[in-house]
Amino acid sequence: MRFEGEVVVVTGAGSGIGRVIAQRFAGEGAKVAVVDWLPDRADAVAAEISAAGATALSVHADVSSRQQVDAMVARVASELGPIDVLVNNAAIADGDDVLQMDEATWDRDLAVVLKSVFLCCKGVLPSMIERGSGAIVNISSVNALTALGNEAYSAAKAGMINLTQGIAVRYGAHGIRCNAIAPGTVRTPIWQARIDRDPAVFQRLVKWYPLGRVGEPDDIANATMFLASDQASWITGAVLPVDGGLLAGNYRMTRELLAEAGNEKLDS
Ligand code: NAP
């Protein structure tokens, strides 16, 4: 039980990756705050965790709102205790092409994806500093590291990485570690609208991935728990791609080049 008795906050925990991260921390002894702006979802995930015999607190909050984040942090501290681990996971991705995106969409994506990390870190850091320990894991994206569309979301995810480094450097002396994960495609409900339009979307995306599959929420949870645990006690300010090899190189291009060179054996 790596997190016995620790208090862990997971934002956007009502769905997808956040839900599984919350469940996995609870499975390793943590008391988990399940934070989501959709009350039904947060309640349902907290109920699942409680039914499995662990401690969970459902908190309804829009993490882009300073008032709601401050209220969330205060409630978690009073009902579960001082926060040991913060996982910044909530996100939306509404803006795409710069020319088509309006200003309000840009502002909203930036607020939910990036400002939320600032607000949640600002909320938990004073108590972590006071106690001389704490771990923050920011769920960024491969979109932060190369151009893959969704420009507002991607710019915000890139900003999240620099904020991760800033917090790691500034607060390392207080025993606080801050790291980021850059997931590739992960099978979650965020993809549902695209699956509805194109049921074969994952089969097509698999061709980009050297490891031959898209990710599952557990892949991201495994990395999150490692970075939050004492096993990562000398890791801070890092960005860990958890992406099946997507960022290691252009797999489709390599296959085409190999085929062009007549190297059928490597072009499997
Ligand atoms: P998801 O299934 O949509 O779950 C995210 C949850 O956060 C949803 O319940 C969402 O509600 C909630 N949320 C959104 N804005 C919020 C806010 N302002 N305050 C509180 N809760 C909010 O997404 P996911 O696929 O699990 O993604 C989780 C994280 O992984 C995100 O940071 C995402 O960028 C990152 N990621 C995902 C993938 C992927 O392929 N799935 C790839 C790279 C990175 P709504 O549904 O109402 O928005």
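**Exercise 1. Which residues come nearest to the ligand, out of the 29 around it?**

Solution. Start with the neighbours: a residue counts as near if one of its heavy atoms lies within 4 Å of the molecule. Of the 29 residues around the ligand, the nearest are Ser-15, Arg-41, Asn-89, Tyr-153 and Thr-188. A quick note before going on: this is a predicted model, where local features need pLDDT of at least 70, side-chain atom pairs count only at pLDDT 80 or more, and totals for chains, interfaces and linings use all residues. Residues are numbered from 1 along each chain as its sequence is written, and side-chain values use heavy atoms, with hydrogens and water left out.

Next, look at the backbone. A polar backbone atom of Asn-89 sits 2.6 Å from a ligand oxygen atom. For Ile-17, a polar backbone atom is 2.8 Å from an oxygen atom of the ligand. Val-186 has a backbone N or O atom 2.8 Å from a ligand oxygen atom. Finally, the cover: alone, the ligand exposes 880 Å², and the protein buries 92% of that (Shrake-Rupley method, 1.4 Å probe).

**Exercise 2. Work out what span helix H5 should have, and check it.**

Solution. Helices here are DSSP runs (H or I, at least four residues), numbered from the N terminus. H5 covers residues 151-171, which is 21 residues. The rule is 1.5 Å times one less than the number of residues, so H5 should span 30 Å. Its end C-alpha atoms are 30 Å apart, which agrees.

**Exercise 3. Find which residues of H5 are buried.**

Solution. Buried means under 20% relative accessible area (1.4 Å probe, protein chains only). Among those in H5 are Tyr-153, Lys-157, Met-160 and Ile-167.

Conventions. Helices (H or I, at least four residues) and strands (E, at least two) are DSSP runs, numbered from the N terminus. Buried means under 20% relative accessible area, exposed over 50%, partly exposed in between (1.4 Å probe, protein chains only). A polar contact is a pair of N or O atoms within 3.5 Å; within protein, one must be able to donate a hydrogen and the other to accept it, and residues adjacent in sequence count only if both atoms are side-chain atoms.
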